[in-house]
Amino acid sequence: MNQRKIVFVEDSLVCGGAEQALYDLVLLLDKEKFDVTVLSQKPGAEWDRKFLDAGIHMIYDYSCRKATKNPIVKFQNISKKLRMDACYRRNGEGLLNVCCPGADIIVSYSMWDYAQCGFASGARSVKFIHGNMETNHAFRELILRDRELLPRYDRIVCVSQASYQAFVDVTGRKTGVEMHFNPINSENVRRMAEQKVELSGEEPIICAVGRLSPEKGFERLIVIHKKLVEEGLRHKLVLVGDGPDRDYIRRTVQAVNAQNSVILAGYQANPYPYIAKSRFLVNASFTEGLPVVAMEALCLGVPIVAPVPSVGEVFGEEICGLITENDNASLEAGIRRMLTDEAFYAQAKAGAEKRSAFFEGKRMVKEIEDMFLQMMQET
């Protein structure tokens, strides 16, 4: 079988769930079937090196027009630069014809400043929807900003049933819209979780992992944690991640006097040992498409408390934790129950361990591969 050339178009490789999902997807794709390139608009982000070290072929627009002393190549690069500049003036239209000629499939994996970059001559097109347009108003505005382009995509992939339903309800488009969970590299997650980390004390550990940004709900999680500790429910809260709210989160911990019970682990290239050592994972986000970390936790057999309905989708038929209402009181009640109701916790733990078998990367990625191959057969 001839390799199909796929180009994933990404805004910036920051430390985040969508970027982790892209990393896993690219590594899991069958390289005998697919020749994969990641084009990042904004170089210099936290995870550029992570992708490069894994052997992922990456390019930036400037790498398509490198300086040279060869006069012939130099002239060609000047011509290429002029063509690319013209593409940017047309909202990115034709850019990938210059940067990645001959692509079979263009995947617009995240939001992109130049929306027309999602298309190239002779290439099929896919757009991934990672957010929930019903609950994330900023995300909805970004999608609707380019609403006239949506019919041009051959496939639109929503990463949860909740994000699928929200997309259909808001945009009215259903044709060519599919739902596929982001595949995770389960073997890698389980292997990396074996690394030792020092978490002192005998108190139960609650873990939360994510980018430190307002929509992730870390502030309310810290306040809930402190309230439960004051009630006598002793436990440690470990926050793994970094982001724009780093200093604000640190000040919040100090403001509620929780320095002795909240561990700010910062960015960790390997967060899985923290998850594996925890009693349960909390996802406190106000809005999510489907948090990758929820699937990673279940892959490790760790139960979850979350106010995000899409997390419940990956529970299947098992009880793997609690899905609460998306308000502080409900989230607090869910965390309290998982700390105090030993019978329920044992049931959730057993359910998570049983459900872990579902998260096999090769099986999950095959759905995406089959979609790509089917697209190439369509006329």
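Begin by selecting Ser110, which sits in the loop between β4 (105–108) and β5 (124–129); helices here are DSSP runs of H or I with at least four residues and strands are runs of E with at least two, numbered from the N terminus. The model is a predicted one, in which local features need pLDDT of at least 70 and side-chain atom pairs count only at pLDDT 80 or more, while totals for chains, interfaces and linings use all residues. Residues are numbered from 1 along each chain as its sequence is written, and side-chain values use heavy atoms, with hydrogens and water left out.

With Ser110 still selected, its relative accessible area of 14% makes it buried, on a scale where buried means under 20%, exposed over 50% and partly exposed in between (1.4 Å probe, protein chains only). Display its side chain and look for a polar contact to the side chain of Glu10, at 3.1 Å; the side chain of Ser110 also reaches the backbone nitrogen of Asp11 at 3.1 Å. A polar contact is a pair of N or O atoms within 3.5 Å, where within protein one atom must be able to donate a hydrogen and the other to accept it, and where residues adjacent in sequence count only if both atoms are side-chain atoms. Apart from residues up to four places away in sequence, Ser110 touches Val9, Glu10 and Asp11, contact meaning heavy atoms within 4.5 Å.

Next select Ser40, in strand β2 (residues 34–40), which is buried with a relative accessible area of 1%. Beyond its neighbours within four places in sequence, Ser40 is in contact with Glu10, Asp11, Ser12, Leu13, Met58, Ile59, Tyr60 and Trp112.

A cavity is a set of points, on a 1 Å grid over the protein atoms alone, where a 1.4 Å probe fits but cannot get out, and lining residues have an atom within 4 Å of a point. The largest cavity holds about 100 Å³ of space, a volume being the space filled by probe spheres set on the points, with grid points joined across faces, edges and corners. Helix α5 (residues 137–145) gives the largest share of this lining, three residues.

For the second largest cavity, of about 30 Å³, select Ile206, Leu221, Ile224, His225, Leu228, His235, Leu237 and Ile335, which line it. Here the largest share, four residues, comes from helix α8 (residues 218–230).

Then move to helix α15 (residues 361–377), whose 17 residues should span 24 Å at 1.5 Å a residue, in agreement with end C-alpha atoms that are 25 Å apart; the expected span is 1.5 Å times one less than the number of residues. Colouring by burial will pick out Gly361, Met364, Val365, Ile368, Glu369, Met371, Phe372, Leu373 and Met375 as buried in α15.

Most residues other than glycine have a negative phi. Asn91, in the loop between α3 (71–89) and α4 (95–99), has a positive phi of about 65 degrees although it is not a glycine, and is partly exposed with a relative accessible area of 31%. Asn257, in the loop between α9 (246–255) and β10 (262–266), has a positive phi near 60 degrees and is exposed, with a relative accessible area of 55%.

Notes:
1 Å grid on protein atoms, 1.4 Å probe; cavity = no way out; pocket = protein on both sides within 12 Å on 5 of 7 lines; lining within 4 Å.
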